[in-house]
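Reader: I have not looked at this structure before, and I would like to learn how to read its features one at a time. Could you take me through it slowly?

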Amino acid sequence: MEITGAVALVTGANRGLGRRFAAALLERGAAKVYAAARNPESIDLPGVVPLKLDVTDPESIREAAARAGDVTLLVNNAGSSTGASLLGGSLDDIKLEMDTHYFGTLAVTREFAPILERNGGGAVLNVLSVLSWFTAPQVAAYSAAKSAAWSLTNALRLELAAQKTQVTALHVGYMDTDMAKHVDGPKIDPALVAGLALDGVQQGRFEVLADDLSKNVRAGLSGDLPGLYPALA
């Protein structure tokens with residue numbers, strides 16, 4: 001899909017990776033960029049169209065779709081990170097992760113799929129994670145939701161092929177954003193990640209693995225579990 005001239009909508013565009021996506025789309029010549037957030041007043045990027053959108057609120061999604069009927073590229077980026085474990089974490093936090101990453105992505109895509117079809121097919125970019133394939137107690141709820149979103153993305157790719165809508169998945173490890181500010185260790189620049197992901201959309205790729213961590217974990221899925229989880233050895 002050609003980015004130049006596209007009309008894009010980015011969820012969770014008020015900060016972090018979402019804001020970098022919106023900026024990169026403008027730089028690459030998108031005709032219009034809807035920067036969506038629960039609080040559109042928090043959008044401070046010149047040149048975008050602020051749009052109120054809460055991916056966990058069906059009415060909010062419908063209202064956003066009514067306003068953005070010219071979209072040709074949907075970037076499902078909105079996220080949450082509660083740090084909840086599965087056995088000891090709050091069930092409300094665990095549910096929020098699933099409502100945001102799985103049901104939210106599904107609800108937004110269902111609402112915008114007919115719009116994309118009317119506008120020629122277009123593309124969907126789903127922001128996933130290396131944690132779609134790997135988990136740990138301190139990220140277990142997040143990882144479960146991202147894993148569900150990975151399966152969702154594969155299914156949507158098959159269902160949307162008939163209307164010529166391309167679906168690309170982005171997998172990445174820790175980025176230098178507010179969501180990962182508590183993490184020690186290497187972090188990739190989110191502006192670089194946004195650029196790699198949009199390159200993948202333009203090239204028609206099914207998946208974009210934005211860092212070595214994602215590439216290594218993806219390759220490790222075909223091996224025995226102790227290869228990914230040494231504690232099981």
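Reader: Is Pro-40 buried or exposed?

Author: A residue counts as buried under 20% relative accessible area, as exposed over 50%, and as partly exposed in between, with a 1.4 Å probe and protein chains only. Pro-40 has a relative accessible area of 18%, and is therefore buried. Please keep in mind that this is a predicted model, in which local features need pLDDT of at least 70 and side-chain atom pairs count only at pLDDT 80 or more, while totals for chains, interfaces and linings use all residues. Residues are numbered from 1 along each chain as its sequence is written, and side-chain values use heavy atoms, with hydrogens and water left out.

Reader: Where is Pro-40 placed, and what does Pro-40 touch?

Author: Helices (H or I, at least four residues) and strands (E, at least two) are DSSP runs, numbered from the N terminus. Pro-40 lies in the loop between strand S2 (32-37) and strand S3 (49-52). Contact means heavy atoms within 4.5 Å, and, not counting residues up to four places away in sequence, Pro-40 touches Pro-50, Leu-51 and Lys-52. The C-alpha atoms of Pro-40 and Asn-14 are separated by 7.8 Å, although these residues are 26 apart along the chain.

Reader: How should I read the angle at which H1 and H5 pack?

Author: Axes are lines fitted to C-alpha atoms, for helices over the stretch in contact, and angles run from 0 to 180 degrees between N-to-C directions. Angles under 35 degrees count as roughly parallel, over 145 as roughly antiparallel, 65 to 115 as roughly perpendicular and the rest as oblique. Helix H1 (residues 16-27) and helix H5 (residues 190-203) pack at about 55°, with their axes 9 Å apart, and are therefore oblique to each other. Their contact involves Leu-17, Arg-20, Phe-21, Ala-24 and Leu-25 of H1, together with residues of H5 including Pro-190, Val-193 and Ala-197.

Reader: Which residues of H5 are buried, and what covers them?

Author: The buried residues of H5 include Pro-190, Val-193, Ala-194, Leu-198 and Val-201. Among the elements that cover the buried residues of H5 are H1, strand S4 (73-76) and strand S5 (123-127).

Reader: What is the arrangement of H2 and H3?

Author: The axes of helix H2 (residues 58-67) and helix H3 (residues 91-118) come within 10 Å and cross at roughly 25°, and the two helices are therefore roughly parallel to each other. On the H2 side the contact is made by Ile-61, Arg-62, Ala-64 and Ala-65, and on the H3 side by Ala-107, Val-108, Glu-111, Phe-112 and Ile-115.
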